[in-house]
Amino acid sequence: MQSKNDDNASVSRGVGASKVRKEDDRYMRGLGDYVGDMKMPGMLEVAFLRSPVAHGYLKHVTKPTDADQSVFVAEDLVGVKGILANSALPGFKSSEQPILAKEKVRYVGELVAACIAPDRARAEDLADNVELDIENLAAVSDMLGALDEEAPLVHEHWGDNVFQHTLVDGDLESIRSNAAIKIEREYRTARQCMSPMEGRGVLAFWDSRLEQLQVYTSTQMPHIVRTGLSECLGLDHEQIRVVAPDVGGGFGYKGILLPEEVCVAWLAMHFKRPVRWLEDRREQLTANANCREHYYRVTAYGDETGRLLALDTDAVVDAGAYSSYPFSACLEGAQVASILPGPYDFQAYRCSTVSASTNKPPILPYRGVARTGVCFAMELTMDALARAVGREPSDVRLDCLVKPENMPFDNITGKHFDSGDYPDCLRRAVEAIDLKAVRQRQETPEADGRLIGVGMSIFCEQSAHGTSVYAGWGIPMVPGHEQAEVRLTPDGSLEIRVGIHSHGQGLETTLAQVAEEVLGIDTDRVRVVHGDTALTPYSTGTWGSRCMVMAGGAVARACTSLSARVATIGAHLLEVPVESVVVADGTVSSPQSVKTVTLQDVARTWYLKPQLLPENVDAGGLEVTAGYKPERDSGTFSYACHAVVVAVDPELGTTEILDYAIVEDGGVLVNPMIVDGQVYGGVAQGIGSALYEEMPFDKNGQPLASTLADYLLPGATEVPEIAIDHMETPSPYTEFGQKGIGESGAIGPPAAIVNAINDALRPLNAEISEVPVTPQRMLGAILKAQLAKSEEAA
């Protein structure tokens, strides 16, 4: 793996330094503390009985003999409300998700009963002996079929299977009649399963001394989980403490309130004993972790050069059976219409998006939420425009991209691009992949009969968007000011407390680097506390690539305020005017004094020798809470261009990635090495989306990939060496110019890889429009092209 970083990063101590992650010491030595590692006296284990059918009336649940206090069904959860995640967007239809199914089951894997025993094995034995009487109903297993008038209804009182219809309606008439070219395509992305290393898990117990429910759960947003538990269980917030310990990956999968969390919490209160549930991989694959399933019908209009003039799109997103808390079922569908134009500047746009309800698990936010799908549709369309006029796809893109001199730029859907040079990003990617050499290679047939192709995708990632964006959605959670608490300890170390949670992003390191940038304190003397609602300020959590913009800004503001207090005490100890002192490198110094005062000296004076403090000292001491949101909180816009070279075997339908280059711009990089890691990991997931990962369902709504033998994940041999080039155009609105970058790596690969495959298949007139590109799909596309050629010849 290669990365080109600014040379200044190597000499920076705080923001900009490629520091080894602080948290890796415990992770690499196996000292992480996960829910699965926790043991408590008298702990009970839960196994959930899940619906074996996708759609049916739940007529009766028969418990095993003498199991009334070991098996619990919906009627037993007295006082518990279902999960409600609504949106104020016009026309949104509400769907309350019961904690345990009652009256009806709506997808395979829906919780029906909770079985309790001293260990998981006996709990599973109990579950095996529970009898279900379910009257089967026809299932809705395809999102397009769900929209048919005769389709079975997932929620009868709706009258249809539409959660939400979103429309951006522009006037395309004049362009339709005058455009030189018209491209029509249909695209589809498969339903996927998120697969973090650690599955979900929750351990709850009732603390009788504090009269408080304590919940340890593998989540990205502990404060939001506490709010959701409060609503479902009827408890005040102060009666609930949620702790997210070490979390082995999230990617959005752990960014919702789980019915399992609500049920385990209720059981803990009922038994007054610790109760734990650990998800197994079959549960994760078949019942809980679906995402990404999109359909697009795209009509693009261009001029004689291939320049995009207008886009007309109808899209459908499969949202599953229920609306997940807190983002709601409109999350992907509503975003599709607003972000489909990507980084392009064109004249007219229409997009109709339906969030369809089906008999599948609820769709969840997955790394690159909606952007992976819209990038796939948009970038394949750009290549189709280029092929129609016989031009190099990169040249057509250059004609259409937003220009740097137009920044900041409001695009056709009102997205406010803060900064960047998209054309330069594309040109650098073309150079990195050596496009000219690839074209020369294509002129000579490969000895092994494989076909070489080159493809690219360019996209932008809106991240760290806040109140001004989400207030209009009317969802249960609207982000506001992110807060951070900083405290200088008596020995001069620094504690940082934040409400976000780190589940692989390296935030224990990067937030410490922000403190070092402001205070000059070495990161080794900084401790970041997160993931505990009792110890940290309220936060909507970790999602949307927001942490380094929002929490990083809050830490900077808090450290700046703390620096001023340190300066006051330090100046008094140096016997110089406070205006003359500088707080840097962990010391307070002044040109008017030959002495310096360390942060340890200041801390000892405040805590242990208050008689030496100045009279005007701030009574708040060496502990500060500060809030932050950017000057403009409509989001930062990072962006990237992915360029890839592939070899395709037209006989076997296989694809090998030969070369992969990325040029990305995440603004000022707080830690370039961590950014590289984020991008590498995201690309691995994107390769999975492009070539391997798919959760198919049969016509009865049965999931067909219930193990990792059926559901393919890319491994080390499937992920090529990746070259990354960082541009670092500062955002004008954030504390250090940083932008969110956590999802970028996963957005571009499917489009870039499929464009490369289609480039390779050009001699055969075959074209791929669906991912993953399995051998069967590729061979099917080749056969379709051959049949079309035969029919044309006849």
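1. The model is a predicted one, and the points below should be read with that in mind. Across the interface of domain 1 and domain 2, nine residue pairs are found in polar contact, both partners being at pLDDT 80 or more. On the side of domain 1 that touches domain 2, the elements giving two or more residues are strand E21 (451-463) and helix H16 (672-691). The residues of that side divide into six nonpolar, nine polar and four charged.

2. The domain assignment behind this description gives domain 1 as 381-465 + 634-793 and domain 2 as 481-628. The contact takes 19 residues from domain 1 and 19 residues from domain 2, while the C-alpha centres of the two domains lie 42 Å apart.

3. How much area is buried between domain 1 and domain 2? The value is about 1,300 Å², and carbon and sulfur atoms give 59% of that area. The rule also finds one salt bridge across the interface of domain 1 and domain 2. Glutamate 735 forms a salt bridge with arginine 557, with the closest N and O atoms 3.0 Å apart.

4. Two cis peptide bonds deserve a look in the backbone. One joins methionine 407 and proline 408, with omega about -10°, and proline 408 is placed in the loop between helix H9 (393-400) and strand E19 (409-410). The other runs from valine 771 to proline 772, with omega near 5°, and here proline 772 sits in the loop between strand E32 (770-771) and helix H19 (775-793). As background, most residues other than glycine have a negative phi, and most peptide bonds are trans.

5. Serine 545 has phi near 50° and belongs to the loop between strand E24 (526-529) and helix H14 (547-574). Glutamate 575, with a positive phi of about 60°, is found in the loop between H14 and strand E25 (582-584).

6. Are serine 545 and glutamate 575 buried or exposed? Serine 545 counts as buried because its relative accessibility is 14%, which falls under the 20% cut-off. Glutamate 575 is exposed, since its relative accessible area is 71%, a value over the 50% cut-off.

7. Aspartate 418 lies in the loop between strand E20 (416-417) and helix H10 (422-433), and at 2% relative accessibility this residue counts as buried. A polar atom of the aspartate 418 side chain lies 3.1 Å from the backbone nitrogen of phenylalanine 637, and a polar contact of 2.8 Å joins the side chains of aspartate 418 and serine 731. Leaving aside neighbours within four places in sequence, aspartate 418 is in contact with residues including Pro408, Gly635, Thr636, Tyr733 and Lys739.

8. Threonine 227 is found in helix H4 (residues 222-233) and is buried, with a relative accessible area of 11%. Not counting residues up to four places away in sequence, threonine 227 touches His237, Tyr325 and Tyr538.

Technical notes:
Residues numbered from 1 in each chain as written. Predicted model: local features only at pLDDT ≥ 70, side-chain atom pairs only at ≥ 80, totals over all residues. Heavy atoms only, no water. Domains from an automatic or database assignment. Contact = heavy atoms within 4.5 Å. Buried area = accessible area lost by both parts, 1.4 Å probe. Salt bridge = Lys/Arg side-chain N within 4 Å of Asp/Glu carboxyl O. Polar contact = N/O pair within 3.5 Å; in protein donor to acceptor, adjacent residues only side chain to side chain. Helix = DSSP H or I, 4+ residues; strand = E, 2+ residues; numbered from the N terminus. Nonpolar A, V, L, I, M, F, W, Y, C, P; charged D, E, K, R; others polar. Buried < 20%, exposed > 50% of the residue type's maximum accessible area, 1.4 Å probe, protein only.
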